[in-house]
Amino acid sequence: MSDPSHPARHPSTTTIPRRGLLLGSAAAALAPAGAALAQPRPPAAPRGQCVLGFSQEFTVAHPLMPANEVDQAVWWNLFSPLWGLDPAGRFYPILAKAVPSLENGGISADGLDWRIELREGVRWHDGQPFTAEDVKFSLALIMNPNFRARGKDGYDRIESVTVEGPQVLRWRLRQPYAPLMSILSQFFIVPAHRLAGAEDPNNTPFHAAPIGTGPFKWAERRTGSHVMLTANRDYFGEGPYLERLVFRYVPDVNVMYTQFRTGELDYIGLLGIPANHYAEARTLRDRVIHVIPRGSVENLTLNLGHPVLREKVVRQALYLSLDTRAITGALYYGLPKEAVTFLPPENWAYNDALPRHEYDPARAARMLDEAGWKPGRDGIRVKDGLRLEFTNSTTTGTELRTQAQQLLAQSWAKIGIAMKIHNLPAAVLWGKFWAESQFDSLMTNTTYTIASDPNVLHRFGSHAIPKRAGYGSNVSQFENARVDELLARGVVLNGIEERRAIYREVQAIIREELPMLPIFQGMQIEGTKAGLMGFENNLHVLANSWNAARWYWA
Amino acid sequence: MSGASEAPIGLAAAPAAAPRPRRRDGALRRFLRHRLAAFGAGVITLMVLACAIGPYLLPFTDTEIDIMQRFAPPFSGPHLLGTDPLGRDILARLLMAGRISLSVGFSAMAISMVIGITVGLVAGYYRGWVGMVLMRFVDAMLCFPSIFLLLAISALIGPAVGSIIMLIAVTSWMEVARIVEAQIRALKARDFAVAAEALGASDARVMLRELLPNAIAPIVVAATLNVAHAILAESYVSFLGYGIQPPTPSWGNMLDNAQSYLTSAPWLAIIPGAAITLAVTSFNFIGDGLRDALDPRMGGR
Amino acid sequence: MGGYVARRVLQAAGLLLIVSMIGFAILHLAPGGPLSQFAAGGDMTQEDLDRLARQLGLDRPLPVQYLDWLWRMLRGDWGASFRDQQPVLAVIGSHVGATLELMLSSTLLAMIIGAWVGILGAVRRHSLFDALATVGAMVALSIPTFWFGLVVIYVFSVGLGWLPAGNRTTIGNESFLDQLHHLIGPCIVLALVSTAVWSRYMRSSMLDVIHQDYIRTARSKGIPERRILIHHAVRNALLPMITITGLHLPTLLSGALVTETVFTWPGMGRLFLDSISYRDYPVVMGILMFTAVLVLLGSLLADLLYHVADPRLGAHGA
Amino acid sequence: MMPEAVTDRGALPAALAEDEILAVRDLSIAFQTPAGRLAAVQDVSFTLRRGETLALVGESGSGKSVTSLGILRLTPRAPFCRITGQVLLRGRDGRVRDLVALPEEAMREVRGRDAAMVFQEPMTSLNPVHRVGEQVAEAIRFHEGLGRRAALTKAAELLELVGIPDPRRRLASYPHELSGGMRQRVMIAMALSCEPQLLIADEPTTALDVTIQAQILDLLRRLQERTRMAVIFITHNLGVVAEIADRVMVMYAGRVVEQAPVRPLFGAPLMPYTRGLLRSVPRLDLAGLGREKLAAIPGTVPDPLDPPPGCSFAPRCDHVEPGRCDAALPGLDLARPEHRVRCVRWAELAGGVA
């Protein structure tokens, strides 16, 4: 619950705005209360608390280990990366003084040499100074074979790291790797003085009492209930304006919504408000409901190793007869935006010239007829003794998706396509069933990019098929020589326009080949209390508490 | 069980220290008892008939989606009990779900009885080493609270009807095994088993022809209560998301996610829940009546 | 007595070994694994997942993993959660309080109401009350706990707004009253079955006792009926209930799991469900072992308590 | 001195004579069973004086125990059991109360204080979970209003009175720690705790060893001498009757069939049933040493739900005379002074036997 003695409710005229942007609002504050332009100013000192609701539990405090979205939500406030991605997709410096680029000379022309200058005067929560040694240690820790690092993609290209001064370091890559810039936007630096020399890097006291350089400090963790952070008054950046952040675990989205309604939660995050409560939620007093687009795509992932689905005509007919509007309109109350590619429109490489999705079951039926798929005795199409039949799987307990499956099954049955539902618990579905492409088709919500970089080599590259001992997650078993070539080039080029052209073409090919059928752009309905200022959706990060340092109560 | 689903069994297999029920029951009570058993039998018969015939009499099928008709409340239009989030007729689904749930109940009971009786027979007949090992295994299985066991095993298998039946069966045979083992052990000491053995009958023959029929009363009662238990167990597993998957309806998976519509469409939760309660209560009534009718001495073991 | 306890403990240890083997086999034979959760996230590649499996020792043969687990367990090391690296005992420890709170309060409620209903049913046998109590208990045993929980939420939280819809406390107001307010709903739901069980056993136990000679003796002494009931009848009728309560423990645990799910109660049931779905093997094994110990301890304790409570047995000696 | 015989039916004196403790008039007790109304005791009448012992004799099912329970209204309550008639008891305070008409609360006051009972099974008649002392002291606390400590002191005295060694220590014993005889002594101490006017002993020695039996009988006799209380002694052991009773009342199928002072009854029984009972006791003087069964008479007690017309013993009687015995219920005739018998043929049979 929010602090009732909140500054915003007793506006203080002595508050000095800390953001240039807000300077103009000092005058606006004199306008009659409730005027739309009145932008209350943040408090001089951290005040009040904000309770953030999540339907998953916080698990891991170490920001370089495998974790879930809630962990990321906490990390953004506890730790800092060198730079981040803002909602518009632009890099902005955090621990680095400036974002390195070809233009400012931070990255050499060949893309191999990187020189980073760090912000001065940054201190860890325990008062120790933050230095280039910490960055070097963090990079080394990821590559430590005994350490259970989350991902090594990109980091493994770094050949050598040299510390040139307390706030300056330089590294060299084995070969250029364009996605590294984005990957590093989620590279949270850990304190060398706390972690160096640990016997088991996977299990240190740091896990229970993490310290970082972020706007909030670790206060307490109550397993099964919440994690609490308190304001770091020595934070180097703007904020924090809140005294406490509470990351509340509410395992059920309906209960979470109820608690948001009763005011127990100030912000409703991960998994958000169920779509069926949206209409009611909008009518709540003193609540702001945000329908926010995410960087993911709700899609049918097809297994091209399946004897029926390997045929392109079938995939195209399926997409033509996939009534996305019935799903988004009725089941999701018209909230999601349509999608025809794996990138969100917010991504700089998004291809806006792709053919729109059409729903035309009659044409789909004709296409199948022409391709030799003739209705059999039971109405299901057959070709060369093969029935046009496949299963569709999703994780058990995902209600709307299950409803969408049933809707699809019924509409496809009408044109002679048999889709059977075969759902599995998450731990089973995402195990070998997924990794070894044992499914026929999956209905899932997929974020194709890593850290928002349009590189999808691990998703669509032919060397990324895990069933064939590939390294990535190309579980569709999609193989396309042109895509391979484009993607290989995409990671070594540094110019953004050249890269854009490459990924636009990749999207066009995927749209044509359809190894996955995009249904709609991932979205989430989040809510905040009306007085909570500073909330901003950023689909380039995994959690919207990314800028909680700048949140405050009006 | 749940708190619940274990309980009917728990009550049947009253523990050693449990008090012996009185036989000097008065008229009102006996009357009531039999009334309840009759009521239970009546309800189950009606349910079976309705589930068998009902779907043919309805203008809707259980899988027919009509997205324009979603969330129609009961008694408000052509859909007698309203529609679900996909606009499917709830009555049609309820009846088809009844087929599944009742079949799951009966099949799981049958399988668990076979396992339980076999283990109980063997353990009770060959006391010694074999019996010891079997009964310790039974004890160990009973150390797991049943829901924990149910969930742990449900992770092992896919959520199809057949596997759910097996799942429930393999987690609910232990009580039966105990009952049978105790009965057989007691019966074996009695004359007719000794006589049959003396006449050179084979072990299997003595077990199946001489001993088992004499233990039939508690087995029949346990079987009835086992059906009740199985129906409950199915609903628990489904509620927790490991149950029978759509579009196949079961009473349990009709309740799955009903929580999210509790405010807007409470009938989605109330109707199948009431069906489960009614069916399980009826089986429990029947079991109770059978216990009184078949063997006045049991129930107090 | 000492010898008896030692024998029981030894038996229990044997059982626990079997329990651990069953549990381990079930878990590890199940498809899927603890790394699936990361696969779902999408920002880790198969290469990363394979490396993690190696680092966690999940690529070793099953018997090796089991023996390793057993060996650590015997030395008191319950392992660490795959999900959040915390020691299993710490994880269980941080959840067990909520579950015990729920179980104890509901057992207390069930004892009070169940005993009262059972006693009244026995005293007024064949009355309308008795008939209703009998039918009521049967129905209570037949209602799916989670469904009853939903109904309670629907009526008291959604409809009347009297009770919170879930959780154990309100953040920022963790007063005793607030905790009590949160406890009411789940406590009632979990108590339903126990109350039914208690009332049924209490009734028959009371009927047994009421017809005992010593009750007639007490009556012949001119003791007030109330005192006879409480001092003479209930005291004796409660004895078998000790055993019943001990044996009811597994059912209660099961019920607690379901209740916790419905009310998002941060207890062991919730933890178990989460851990199962993540295949967090060390935690799931930990909970299975912990509950098995609890169940065995419960029955042992019930036996010992019975010995203490019944002067005819043990403890007092002639 | 021989006690006075019961007056004729219908003539009910409003009060008791000076030395009378108890007068039972037309006591009938009927149970409501699932199968119908069961008349367990019908029209039983008798009086009892201070210091006098009446033995109630009969087979099981004859109604003797129900009669004794009915006097103290320890039978189930209405509507399951109905008691009619009159039970006049002179209390310790000298007041005469009709126990049948007494409100429940007042009846409770009477129990234990004015009239007490000792039951057959000392094993089960004591509460196993309470200490002996507390059980003995309980009645004292409720009737005498004594505190716990004082009541326990009195309980110790009582235990000493009934011959329990080391009574102070025994107060803390549980019933299971005592032998059968000791337990029966405790029961007696409990019954005597409030110095009742009337003691009803329901087969108090049946469950005990022969040697213990004698001790308990001896104890009861001594206590009666001391307290001058009236005793109703229920038994099916005629040997015991001879030893302890002043007067005997034989019951069969819920009715009194013969009633007489002990000597005339043993010497010259008039009812064939009584004679049958006596025949099963070989020698009077040895009777106390064995546990003779009264079931030497062939046949069984008639079904109380379907009693035969006429004399209820007729179906088993050697002297039955069809047309007479099964025609109507015989009256309870005053055959000799203080000797009543319910038999149409007693006069003819008496001639043959006497």
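**Close-up views of a predicted four-chain model**

**View 1. Where chain C meets chain B.** In this predicted model, 60 residues of chain C are in contact with 58 residues of chain B (contact: C-beta atoms, placed from the backbone, within 7 Å). On the chain C side, helix α8(C) gives the largest share, 11 residues. Other helices that supply at least two residues each include α1 (2-29) and α13 (281-309) of chain C. (Helices are DSSP runs of H or I with at least four residues, strands are E runs of at least two, and both are numbered from the N terminus.) By class, this side of chain C has 42 nonpolar, 15 polar and 3 charged residues; Ala, Val, Leu, Ile, Met, Phe, Trp, Tyr, Cys and Pro count as nonpolar, Asp, Glu, Lys and Arg as charged, and the others, Gly among them, as polar.

Before moving on, a note on reading the labels: residues are numbered from 1 along each chain as its sequence is written, and chains are lettered from A in the order in which they are written. Local features need pLDDT of at least 70, side-chain atom pairs count only at pLDDT 80 or more, and totals for chains, interfaces and linings use all residues.

**View 2. Where chain A meets chain B.** Here 19 residues of chain A are in contact with 18 residues of chain B. Helix α11(A) brings the largest share of the chain A side, 7 residues. That side divides into 9 nonpolar, 9 polar and 1 charged residues.

**View 3. The open sheet of chain D.** Look for 8 strands in the order β6-β7-β8-β3-β9-β10-β12-β11 of chain D, with mixed pairing (two strands pair if DSSP finds at least two bridges between them). Strands β6 (115-118) and β11 (333-336) of chain D are at the edges with a single partner strand each, so one side of each has no neighbour in the sheet. Parallel strands β3 (residues 53-57) and β8 (residues 230-235) of chain D are joined by 5 bridges, and V57(D) has T235(D) as its bridge partner in β8(D).

**View 4. Around A155(D).** Leaving aside residues up to four places away in sequence, A155(D) touches G133(D), V136(D), A137(D), I140(D) and L171(D).

Terms used
Contact = placed C-beta atoms within 7 Å.
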